[in-house]
Amino acid sequence: MVLQLLLNGLIYGSIIALGGIGLTLIYGILNFGHFAHGDLMTLGAYLAYLFTVQLALPLPFSFVIAGLLTAATANLLDKILYKKLEGRDSVTIMISAVGAALIIRNLILMSWGPQLKFLERGIEMPLVFFDGLLRITRTQIMILILSVIFVTAVHLFLSKTKLGKAMRAMSDNTALAKITGINTERVIFWTWFMSGILTSSAGIFLAMDTHLIPEMGWNLLLPMFAAVILGGIGNPYGAIVGGLAIGISQEISTMFIAASYKPAVAFAIMILMLLVKPSGLMGKKV
Amino acid sequence: MKSKVKFLLILSLVMVFVLSSLGVLAQESVRVGTALPITGGLAAYGQDARNGTLLAQKIINEQGGLLNGMELELVNVDTQTQAQVGVDAAQRLVNINGVQAMVGPMSSGVTVPIVESVTGPNQVVQISPSATTPVLTTVEDDGYFFRTAPSDALQGVVAGDFAFDQGFESIAIMYVNNDYGQGLNDAVIDQFEARGGEVTASIAFEADQVSYRSELMNAASDNPDALLLVAYTDDGGITIIRQALQNGFFEEFVFTDGLKSPTIAEGIEDFLEGKYGTAPTSLPGGRGPETFAAMYEEEYGELPPLPYIDSSFDAVFVIALGIEKAGTVDGPAIRDAIREVLDPEGETVNIDEWDKAKELIAAGQTINFEGASGPVIFDEVGDRAGAIGIWQVQDGNIVDVDVVVE
């Protein structure tokens, strides 16, 4: 039972982590909580639905196109909204992000309707291990493998490439990064781009594992923020660890408390973290 | 002097506003609110239920409107199937649109707070087409709340009996964590255990979660024979069914009214073939259901196999009867008029006979309304006398197979 819960948590946690990486980088570099991030995730999932189910294109192809389109949307949001508000109070920008979230979600609602959708019509029977103690579907295995690949790619990008290092530098200290001559425009562009791809992938994974519904991303926003705060705002590695920690503890918690309180576990962890070490597991300062 | 003029000007504007919202000034239309979910967990039902209310509006207006030729105007607000949003929406209806009567909302979880905080205190008549929780029987509503769907006290008994008669000796229950789920869960447990069955687990779940695997794992831990699921389709129900099958937790199910929709079997027809569920349904009698299906088809296409479209029609019709009888658009008067005018012993009025109803009311007679969902009979607390239907999944469709009368 523990094994199964651990696995469920790992899958859920990877999805939160993928979304959280972008969220934390945006927070670090642009200094505001991007409340439309969850709805970008939803957008990615619905675009994948459009291409795979409605247009009957192969899933890998849809996956890539949906990611690119979501990344483009993220950059569009930055260009027509957040950039215009640059220098304003961060509360203003955050509220405008909530507005953007509502617009995206309602456009999705208008285009695809409120009913549940599935990337696959039927259901897939799981592989059973250890006499029924562990059940895992091929889709879930694929999600786990792809998540590991994505996280590794992000790690390599952030640690080996110049752009990635610039991103981390800006996230650490924007003013200092500007002085050293980092092209901030370029870094901001690629941050949105990468966040868009990652969050879209997270959305598609979630849709593959469960279902599509216009509120899917919004509902995941708070666990993602919890993961970001847990790991330390601005630190992408923290977001990964935080995401996995939140996902796993939510699932494991059901052994001890009623499952309907599962969503509260993320908040309990977040509040505890804010009380004990506000900078997060891997953060430096607030 | 000048400031006094300004003050009077503003005062008169305020008076116009207040009076018009009270319906004192001549109005060309009679406004009735509807608070039906267009989004959220019950969206799949809300949109069709709204069609039901619009159909009633159409019949009434085509046959001369009400109160000497005024048009009935329905104003809908979306509850999003959420209590907080629903309360705000109802408040908007009452305070801004000035309605004295409203239809909705659909889910019990939204209805209870609206009765307690909006319609009850403001003396506004409210008829829900689908809120079925037993809680609403005893809620403090001062007589303003009615429902055209029967209480789950009955559905729980029928579902409990039915599960036992299917040969299930033990069941696990998973129910959506709100008044609807809780009420039905309690009623099922009482009945199933009274018959000698064992409820191995009774688990509340939150709507809109991405995964219910942990809940399902708990529910399946004592190897019960079947899962009795109290849920709505889109905010958890379908996901639970699929994950239960996918992970091998359950193969046998008993469903309730919130799941009576062909969408539950989409893509998994083979797994759900022959499974049963319960749902409140029409009392036998009258030609309401057939007439309604024909009217609906003409206006919107084939009547979907969903519950509560007919009871939504009836809710609007009953409010119109109350307004016509009261002779005024005023909450307390409508409340009393509904009780006065409806009478199982009265003259029969069918759903396409609004003009006849007006004549009867003008003549001071009482009415036996044979509604789209069968004869509409309220008891003293505003609950509908009704019946529970048994439905089955057949080839991916929902088919009504039996009716149990109280």
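Me: Where does B:Asn68 lie in this predicted model?

Reply: B:Asn68 sits in the loop between α2 and β2 (71-77) of chain B.

Me: What is phi at B:Asn68?

Reply: Start with the general idea: most residues other than glycine have a negative phi. B:Asn68 is not a glycine, yet its phi is positive, about 60°.

Me: Where is B:Gln80, and what is its phi?

Reply: B:Gln80 is found in the loop between β2 and α3 (83-95) of chain B. Its phi is near 55°, again a positive value in a residue other than glycine.

Me: Is B:Gln80 buried or exposed?

Reply: B:Gln80 is buried, because 23 other C-beta atoms lie within 10 Å.

Me: Which residues does the cis peptide bond join?

Reply: In general, most peptide bonds are trans. Here a cis bond links B:Gly104 to B:Pro105, with omega about -10°. B:Pro105 belongs to the loop between β3 (101-103) and α4 (108-122) of chain B.

Me: In what sense do β6(B) and β7(B) pair?

Reply: Strand β6 of chain B, residues 170-176, pairs with β7(B) in the parallel sense, over seven bridges. One residue to look at is B:Ile173, whose bridge partner in β7(B) is B:Ser202. Between the two strands the chain passes through helix α7 of chain B, residues 179-194, and this β-α-β crossover is right-handed.

Me: How many residues of chain B are in contact with chain A?

Reply: The size of an interface is often given as the accessible area lost when the parts come together. Here there is a residue count: 28 residues of chain B are in contact with 32 residues of chain A. On the chain B side, α2 (43-62), β7 (198-205), α8 (213-220) and α9 (233-246) each supply at least two residues. The most come from α9(B), with six. By type, that side divides into ten nonpolar, eleven polar and seven charged residues.

Me: How many helices and strands are there in chain B, and how compact is it?

Reply: Chain B has 14 helices and 15 strands. Its radius of gyration is 22 Å, close to the 22 Å that the globule rule gives for 406 residues, so chain B is as compact as a globular protein of that length. Buried residues make up 56% of the chain.

Definitions and conventions. Residues numbered from 1 in each chain as written. Chains lettered and ligands numbered in written order. Predicted model: local features only at pLDDT ≥ 70, side-chain atom pairs only at ≥ 80, totals over all residues. Helix = DSSP H or I, 4+ residues; strand = E, 2+ residues; numbered from the N terminus. Rg over C-alpha atoms; globule rule 2.2 N^0.38 Å. Buried ≥ 20, exposed ≤ 12 C-beta atoms within 10 Å, placed from the backbone. Contact = placed C-beta atoms within 7 Å. Nonpolar A, V, L, I, M, F, W, Y, C, P; charged D, E, K, R; others polar. Pairing = 2+ DSSP bridges. Right-handed = clockwise from strand over helix to strand, strands pointing away.
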